[in-house]
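Subject: Structure handover

Dear colleague,

Please find the sequence and structure below. My notes on what was found follow directly after.

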Amino acid sequence: MNTMPAGSQRARSKSLADWPPIILNLVAFAFGVAVWWAITAAKLVVLPGPVDVFQRGIELIMSGQLLIDILSSLRRVLTGFLLGVALAIPVGFLMGWYRVARALIEPYIQFFRMIPPLAVIPLAIVTMGIDEAPKVFVIFLASFLSCVVATYQGVISVDRTLINAARVLGAKDRVIFPRIIIPASTPFILVGVRIGLGSAWATVVAAELIAAQSGLGFRMQQAQLYYDLPTIFVSLISIGILGLLMDRLVQAAERRLTQWQERV
Amino acid sequence: MTPSQITDPKISFQNVSRRFGAGDSSFLALDRLSLDIADGEFVTVVGPSGCGKSTAMNIAAGLTDVSDGRVLVDGKSVDGPGPERGVIFQQYALFPWLTVRQNVEFGLRIKGMPAAERRRVSDHFINLVGLSDFADALPKTLSGGMKQRCAIARAYAVNPSILLMDEPFGALDALTRVNMQDQLLDTWTRERRTVIFITHDVDEAVYLANRVIVMAARPGRLHDIIPVDLPYPRTEEIRLSQKFADIRNRVWHAVYHQKPQIEPSIQEEEH
Ligand SMILES: Nc1ncnc2c1ncn2[C@@H]1O[C@H](COP(=O)(O)OP(=O)(O)OP(=O)(O)O)[C@@H](O)[C@H]1O
Ligand SMILES: [Mg+2]
């Protein structure tokens, strides 16, 4: 009864599936822009259209403003993120390897995980002043918390038989740790790094909205005061693109470092 | 059948008991196992699931403690793993981030063997198990049989005088399994080791062994020891012979028609 429609549907989706994904991506993108343009051109909403936003984007690039904003946001994110990861990995290993360390540290981690990092900003500003320190600290906190949990989950889920296999080959703890525990938990750690970078990026923008004199978030906050919608759009799009690029970068590193994993 | 026939045993289980858990819920996994294994002997261990085969092997490997009794290797009491005892696990346990060669060299590296010598040793054993073409492959690209061969090469490379193998061929199909048995015996005749080999397969147990150790469950204990009076090298001809069939029947009966223990309650209360 439904062989006909099913058959024709399969034929249609097959021809679509034959297209390279990049083409499909571009089609979807063009479609989105077209919808955006149609809605704004018809004045259905009070928003700038793609053309306005594109023009403002060119202006901001030409004046160098956009680059300055991007660089100051990126600098904050990378400083906080690298510090966070640099601390999270050893602490995560400590928690995974030593029961005592886990019992001592875990309550704090679980507690602070429940506080949105942005909620720490008022305290950070009061105690650290209004320059870079409070923002970097908040980003540090955000990336530390998401990465530390992933790391210690990774350590505790290392296959016991791999540890035993190393022991019967003569490995002692100080060999097992670098040679078995670290590589075996790398996939988990990299997932944590990826989540950490995502939350760091989300946090920096929000932190700049609250307290900053530069950066993409600050630019949006300024634009909001002057009802400058195109600038807000340019900032939003930049935030999205940069976030995507960073995620892809970590993903590529992840794939390289864990190519030994069996993937289904 | 009496252990005392063996003078200077390579491995000696002496009244080894192992209890898991404490109090009322504790469980006697191994009850006073005594067994001597001669140097260069190949013994296989069969018995129903849960009879303590793995427990006994892990104790000999130094990965599990005894509750009572002791295991002697070369006359010395076992205290933790040692390089003279190689272990081959059912789940292969290859390090997935290392290539075949790096896996085989793992134990040599720990010993601090120089790179050139390491290379020579790993070449030798990779060749011995027929993986030369895959020396630089990651484990994920190998079949089950190849993984197990790599694990065997890795265990051999550190030159242990004892090999402990816990159902190493359990996950393999019947054909690969027979191949692996022949290869293992071939390797064993060329590089003589003392082997304890656990299996569920009665055929495999008889085909490989000098002696088949049959265990019984609840509590895990020694049930019978059946000598396999067949010459090496073992061939297909031997596998299909009447004598093989007779021994096989004997082992089969010992495994599948075990009389229930006469006084299990008294046994339990003794501990
Ligand atoms: N770590 C442990 N904690 C509690 N009980 C255990 C533990 N290890 C083994 N046991 C119990 O000890 C008994 C013997 O286990 P063992 O693994 O030695 O059996 P086995 O003869 O190897 O069985 P199989 O043929 O299924 O592998 C089982 O009943 C098992 O439940
Ligand atoms: Mg077992």
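Leaving aside residues up to four places away in sequence, B:Ser161 touches B:Lys10, B:Glu84, B:Arg193 and B:Thr194. Please keep in mind that this is a predicted model. B:Ser161 sits in the loop that links α4 (144-157) to β7 (162-166) of chain B. Its relative accessible area is 26%, and since buried means under 20% and exposed over 50%, B:Ser161 counts as partly exposed. B:Leu138 is 23 residues from B:Ser161 along the chain, and the C-alpha atoms of the two are separated by 28 Å.

One of the contacts of B:Ser161, B:Thr194, belongs to strand β8 (residues 194-198) of chain B. Five of the five residues of β8(B) are buried, so the strand is largely enclosed by the rest of the structure. The side chains are divided between two directions: B:Thr194, B:Ile196 and B:Ile198 point one way, while B:Val195 and B:Phe197 point the other way.

β8(B) has partners in two strands. With β7(B), β8(B) runs parallel, and five bridges join the two; in this pairing B:Leu164 stands opposite B:Ile196. With β3(B), β8(B) also pairs in the parallel sense, over four bridges. There, B:Ile198 of β8(B) is the bridge partner of B:Val45.

The next pairing involves β3 again. Strand β3 (residues 42-46) of chain B is joined by four bridges to strand β9 (residues 211-216) of chain B, and the two run parallel. B:Arg211 in β9(B) is the bridge partner of B:Val43.

Taken together, these strands belong to an open sheet of six, in the order β6-β7-β8-β3-β9-β10 (chain B). The pairing in this sheet is mixed. β6 (85-88) and β10 (221-227) of chain B are the edge strands, each pairing on one side only. On average, and with direction ignored, neighbouring strands of the sheet are turned by 20 degrees against each other.

What lies across β3, β9 and β10 of chain B? Helix α8 (residues 242-256) of chain B does, running at about 170 degrees to β10(B).

Some figures for chain B as a whole:

- The secondary structure of chain B comprises nine helices and 10 strands.
- For 271 residues, a compact globule would have a radius of gyration near 18 Å; the value for chain B is 19 Å, which agrees.
- Along the principal axes, the C-alpha atoms of chain B fill a box of roughly 60 × 45 × 35 Å.
- Of the 271 residues in chain B, 54% are buried.
- Among contacts in chain B between residues at least 6 apart in sequence, 70% join residues at least 24 apart.
- The accessible surface of chain B is about 12300 Å², and carbon and sulfur atoms account for 49% of it.

Lastly, the cysteines. How many disulfides does the structure hold over all chains? The count is zero. A:Cys147 is buried, with a relative accessible area of 0%. B:Cys51 is likewise buried, and its relative accessible area is 0%.

Regards

Conventions. Residues numbered from 1 in each chain as written. Chains lettered and ligands numbered in written order. Predicted model: local features only at pLDDT ≥ 70, side-chain atom pairs only at ≥ 80, totals over all residues. Heavy atoms only, no water. Pairing = 2+ DSSP bridges. Axes fitted to C-alpha atoms, helices over the stretch in contact; angles between N-to-C directions. Contact = heavy atoms within 4.5 Å. Rg over C-alpha atoms; globule rule 2.2 N^0.38 Å. Buried < 20%, exposed > 50% of the residue type's maximum accessible area, 1.4 Å probe, protein only. Areas by Shrake-Rupley, 256 points an atom, 1.4 Å probe, with all protein chains shown as cover. Disulfide = S-S within 2.5 Å.
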